[in-house]
Amino acid sequence: MGTFITKRLLYTILILLAASLLIFSLYAWTPGDFITGNIKLTPERKAELREIYGLNKPLLERYGIWMKHALHGDFGYSMAQQKPVFTLFNQYIWNSFLLAAVSTFFTWLIAVIIGVVAAYRQYSWFDTLVMVVIFAAMSLPSFFIGLFLIKILAVDWKWLPPGGMLTTGSNATGMAYAEEVVRHMALPVIVMTLLGIGSLTRYIRGNMIDVMKQDYIRTARAKGLKERQVLFTHALRNALLPAITLVGFELPALFGGSLIIEKIFNWPGIGQLYMQSFGLRDYPLLMGFTVLIAILTVIGTMLSDILYRVADPRVRLQ
Amino acid sequence: MSTITGGVAESEVAPAKRPLARSSLWRLAARKLLKNKLALAGLFVVVFMFALCFIGPLFSPYTDNKIHMALMNKAPNLKHWLGTDALGRDVLTRVMQAGRISLTVGLASMVLSVFLGSLLGAIAGYYRGIADQVIMRIADLLMTIPSLPLLFILGALLSEWKVPTDYRMYIVMLMLSFVSWPGLARMVRGEVLSLREREFMQAATVLGLRDRRKLFKHLLPNLVPLLIVIASLNVGGAILSESVLSFFGLGVMPPTPTWGNMIDSANNLIDFQQRPWLWIPPGFSIFATVIAINIFGDGLRDVLDPKPKK
């Protein structure tokens, strides 16, 4: 186990280094920069600013400087907002996390319940209905369903606010503040839950069907246990075991925000920050965000591999 | 998979005696598929959408895309079933014309990514060693970079190079397949790794067959069912990705219509609130097409893939 984790860690670090170089070069190739795009500046001032930001140095040297700072936990200064990238991330990431954590919770809760029932009543009308709904959820274009629900629920019926995190000009505090945030969260959470629920329900249903055929389920029934106990204590536990590997893959989604959903619902999260900064070509922020996602992805994958091994000793990964 | 192996090997040994041996698996599959009503319904919707988009415009009197100021932003009526847009163009005709582009982009980028992914995955799994290391490390690397920012950067490059709008759709296809091949390659590699250790591959080695013959005649035919399933599910994903890109103005650009860039009109507050016929029809077209493709693809998986689905 020790050697496995060491090897995995080394490989992860290598991949991250390569990824950082690739990300840096990609943004270096992206046309336009923050200074060129600003028409208010004189050419002299532009040259001066380039000098200050070190944009006139050769590419490799710029990468070296950026990496040196990044390794010290410093992703530089956002040009558009004139704040350290790290401070901005800290400011926006928790809004993204709130949205993602709540919708992940609902996704898992609903997926487990529906998956178990559908597997228990395999081939019943309920199961067929669930399968059709799953496919529908997996085929939704995220931005379209977001717009559609805003139009119906917020614009036409006025049940929920159309976007943002707080009502404009609101200075509510305490419980009133919390209630306002919850009302604004409802729509994006519904959409994110809808989008995530399909594949997870399918996964849990498939696992449950496999587990229900096992001998130990028959044994549990033969012992005279209640069906509910067989289902939830004996079957579900074993069906959920392989799902712990999915936890690792949730990591980038939990902290990385959702570019599309946050943009559509005008949610002040890190994904929305990225979308705004992309138009402005605020490279330090863009690179910081992409590297952050890459780190989360790589750590998530590594976590999955290790968890899988811990959960099932029969698995021997190289 | 073993049934296919048997079929291919037998027909090669004695093609004259049992000419049907090669097709028996496919016949069995077709018979099973005909029993799956849900999958058939999916297939029907897919065929219907293709027919609508490719044949439909031939019957429309509004294909010239001329600007009619008098007909601006009309709500759906008897002459224009889905209304008209800000330039007085018929929305139904544009949805059909957009479907041509969206479906073509989806299909073509699927073909490209399946080709790239299965070729690289098969090489990595079959030759192992250095080839495997290089290919899979590149795949790992590409998979760490989030695909949406990657597509945004590629889209921005596209705008900078002033690619003529007519050609943009081809580059969008390339972009989408570039993003989706690593996952595919990984899947194919895993399958090849397990196939190459089977007895029939040992037999092929013992017979002294050349690498190319072993790879193309014995290994790849066993991958076909998996590839068909992956490919069908991949089309839906590609259509979704194209619509996201075009919605954000980084994919195919107007005046070439696609379902994604038609929904872009929802970014205008008045169009969004008061003229839903501009953006709801293309959205539902995407949804209907993708759900039908996914249901059909899943039916194919039941029929072609003996492993239980997860």
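Residues are numbered from 1 along each chain as its sequence is written, chains are lettered from A and ligands numbered from 1 in the order in which they are written, and side-chain values use heavy atoms, with hydrogens and water left out. Because the model is predicted, local features need pLDDT of at least 70 and side-chain atom pairs count only at pLDDT 80 or more, while totals for chains, interfaces and linings use all residues.

**View 1. Chain A as a whole.**
Chain A holds 13 helices and two strands. Helices (H or I, at least four residues) and strands (E, at least two) are DSSP runs, numbered from the N terminus. The C-alpha trace of chain A spans about 85 × 60 × 35 Å along its principal axes. Of its 318 residues, 47% count as buried. Buried means under 20% relative accessible area, exposed means over 50%, and partly exposed lies in between (1.4 Å probe, protein chains only). Now take the contacts in chain A between residues at least 6 apart in sequence: 71% of them join residues at least 24 apart. Contact means heavy atoms within 4.5 Å.

UniProt, in an unreviewed entry, lists residues 93-304 of chain A as "domain: ABC transmembrane type-1". UniProt positions are given here in the numbering of this model, feature names are shortened, and annotations may be inferred rather than shown by experiment. The span 93-304 is 80% helix and 0% strand, and its end C-alpha atoms lie 23 Å apart. The unreviewed UniProt entry also places "transmembrane region" features on chain A, including residues 92-117 and 185-204. Residues 92-117 of chain A are 100% helix and 0% strand, with end C-alpha atoms 38 Å apart. Residues 185-204 of chain A are 100% helix and 0% strand too. The end C-alpha atoms of that span are 27 Å apart.

R8(A) sits in helix α1 (residues 2-29) of chain A. Is R8(A) buried or exposed? R8(A) counts as buried because its relative accessibility is 14%. Leave aside its neighbours within four places in sequence, and R8(A) is in contact with T301(A), M302(A) and D305(A). The side chains of R8(A) and D305(A) are joined by a polar contact of 2.9 Å. A polar contact is a pair of N or O atoms within 3.5 Å; within protein, one must be able to donate a hydrogen and the other to accept it, and residues adjacent in sequence count only if both atoms are side-chain atoms.

**View 2. Chain B as a whole.**
Chain B has twelve helices and zero strands. Of its 310 residues, 50% count as buried. Among contacts in chain B with a separation of 6 or more, 70% come from residues 24 or more positions apart. An unreviewed UniProt entry marks "transmembrane region" features on chain B, among them residues 170-188 and 219-240. Residues 170-188 of chain B are 100% helix and 0% strand, with end C-alpha atoms 26 Å apart. Residues 219-240 of chain B are also 100% helix and 0% strand, and their end C-alpha atoms lie 32 Å apart.

**View 3. A231(B) in its helix.**
A231(B) belongs to helix α9 of chain B. A231(B) is buried because its relative accessible area is 12%. What does A231(B) touch, leaving aside its neighbours within four places in sequence? A231(B) is in contact with M110(B) and V114(B). The C-alpha atoms of A231(B) and L142(B) are separated by 20 Å, and the two residues are 89 apart along the chain.

**View 4. Where chain B meets chain A.**
Here 42 residues of chain B are in contact with 45 residues of chain A. The two chains bury about 3,800 Å² between them, 83% of it on carbon and sulfur atoms. Buried area is the accessible area (1.4 Å probe) that two parts lose on being put together, summed over both.

**View 5. Polar links and helices at the interface.**
Between chain B and chain A there are five residue pairs in polar contact (both at pLDDT 80 or more). On the side of chain B that touches chain A, α12(B) gives the most, with eleven residues. By class, that side has 30 nonpolar, five polar and seven charged residues. Ala, Val, Leu, Ile, Met, Phe, Trp, Tyr, Cys and Pro count as nonpolar, Asp, Glu, Lys and Arg as charged, and the others, Gly among them, as polar.
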